[in-house]
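This report describes the structure shown below, beginning with the terms on which the description rests.

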Amino acid sequence: PELHIPRLDWNLRPYQRKAWGAVIAGQSMALAWHRRAGKDEVLMNGIGVQAMKRPASYAYMLPENLHARRAIWQAVNPHTGKRRILETFPREMMSADPNETEMRLQFVNNSTLTFFGSDNFDRMVGASLAGIVSSEHALSHPSAYGFFSPMLRESGGFFWAISTPRGRNHFHTLIKHAESSPDWFSEVLTINDTGSLSAEEVEEARAEYVSLYGVDQGEALFNQEYLCDFNAAVLGAFYAREMAAVRGEGRIDATLEAVKGPVHRAWDLGVRDDTSIWFWQVVGGQVYVLDCYSASGVGLDHYASEIERRYAEKGWTHGTDWVPHDAKVRELGTGRTRVETMESLGLKPRLVPNAGLMDGINALRQSLPRMVFHPDCTAGIEALEQYRREWDDEKRTFRASP
């Protein structure tokens, strides 16, 4: 009962105190804090406090299992030479040695704390968790929170998500939800808010990013990591400049409406990922992008029904269904092509030329300056902003594949 703060020699920084109040209250949180703001230090101590206050099972999630093991479980503080977990959670708190295989701590009051990666979040099925930390949530599996949310509602538990931004992805959505919910605490802290680095250190960080990634990408990465800019171009994004222009020029327009004439559809027929449909029409020299829809695990009849509903509601005239070149391949189960199936559902499929991946990317780059989007396309706009090449740290270059 005396062990309320796991690490007794740890002191809060002034800008961390508001979040610490939510920690003590066991309130769910979404925090966008800049790089080197002490994110994990606060939440590791915080979940230790909660584990001692309420005997239950808790979890600490990083984007991948390998990250959890290297960055937290095995990490050693270079200033003290001690393992990070043993520094935050002293031996006096534990009733047994750390379980190295499961990355689990057992505390003296029967609470447990498991470290894991969002890449295998389903390993926590049936865990009945009373609290979860998601560190670097912007890089975590987008479905992880949805998976745990019913469990936490049932247990009266909390979810703490903390990260630097990675564009307008699922972390941005969670921040916006937290801002509007009385049950959540939300906070965005930039380097200007905390003053935790000197002006010289800030400029050194900016110069380092520019030297590694070039002026455009380096500045964008600095804005993302230290200014918590959700609009900063995602590192390696194919359409960074084009999508920044879309937002900057006000080409996301809630007043946009279809004009008289056909509204066409462009399909990406997913196999292992989503099937996506964009609804658009050409008006003079512009392309009106009016809506988008995506789903997975359903047949073409579902999409035909969804299309019919949209056109009936909005009074649109049906146009052409532009589909990938491989839609003419016969499926093993039915012996029919997707084109034939679409025609049987009253759709109007037409094959696009069999262009390569990079040809398609370059075509969209040329088309985006002519496009105006309705806000109904928000999910698709965010996907365009997230579409990127991966950075290879060893080779210091971007991989070719998206």
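## Basis of the description

Helices are DSSP runs of H or I with at least four residues, strands are DSSP runs of E with at least two, and both are numbered from the N terminus. The model is predicted, so local features need pLDDT of at least 70 and side-chain atom pairs count only at pLDDT 80 or more, while totals for chains, interfaces and linings use all residues. Residues are numbered from 1 along each chain as its sequence is written, and side-chain values use heavy atoms, with hydrogens and water left out.

## The chain as a whole

The protein chain contains 14 helices and 15 strands. Its C-alpha trace spans about 70 × 50 × 45 Å along the principal axes. Of its 402 residues, 48% count as buried (under 20% relative accessible area, with exposed meaning over 50% and partly exposed in between; 1.4 Å probe, protein chains only). Contact means heavy atoms within 4.5 Å. Among contacts between residues at least 6 apart in sequence, 65% join residues at least 24 apart.

Leucine 189 belongs to strand 7, which comprises residues 184-189. The residue is buried, with a relative accessible area of 9%. Not counting residues up to four places away in sequence, leucine 189 touches Tyr15, Ala32, Trp33, His34, Thr194 and Cys228. Between leucine 189 and arginine 247 there are 58 residues of sequence separation and a C-alpha to C-alpha distance of 23 Å.

Glutamine 224 is located in helix 9 (residues 215-226). Its relative accessibility is 2%, and glutamine 224 therefore counts as buried. With neighbours within four places in sequence left aside, glutamine 224 is in contact with Thr164, Pro165, Arg166, Asp229, Ala232, Ala233 and Val234.

## Helix 3 and its cover

In helix 3 (residues 65-73), the buried residues are Ala68, Ile72 and Trp73. They lie on the same side of helix 3 because they cover an arc of only 70 degrees around the axis, the arc being that of the directions from the helix axis to the C-beta atoms. Their cover includes helix 2 (39-53) and helix 4 (84-88), together with strand 2 (57-62), strand 3 (104-106) and strand 4 (112-117).

## Two helix pairs

Two packed helices are described by the angle between their axes and the distance between the axes. Axes are lines fitted to C-alpha atoms, for helices over the stretch in contact, and angles run from 0 to 180 degrees between N-to-C directions. Angles under 35 degrees count as roughly parallel, over 145 as roughly antiparallel, 65 to 115 as roughly perpendicular and the rest as oblique.

The axes of helix 1 (residues 17-25) and helix 2 come within 9 Å and cross at roughly 25 degrees, which makes helix 1 roughly parallel to helix 2. In this pair, Trp20, Val23, Ile24 and Ala25 of helix 1 meet Val42, Leu43, Asn45, Gly46, Val49, Gln50 and Lys53 of helix 2. By class, the contact of helix 1 with helix 2 has seven nonpolar, three polar and one charged residues (Ala, Val, Leu, Ile, Met, Phe, Trp, Tyr, Cys and Pro count as nonpolar, Asp, Glu, Lys and Arg as charged, and the others, Gly among them, as polar).

For helix 8 (residues 199-213) and helix 9, the axes come within 7 Å and cross at roughly 140 degrees, so helix 8 is oblique to helix 9. Helix 8 contributes Val202, Ala205, Arg206, Tyr209, Val210 and Tyr213 to the contact, and helix 9 contributes Val215, Gln217, Gly218, Glu219, Leu221, Phe222, Glu225 and Tyr226. The residues of this contact comprise nine nonpolar, two polar and three charged.
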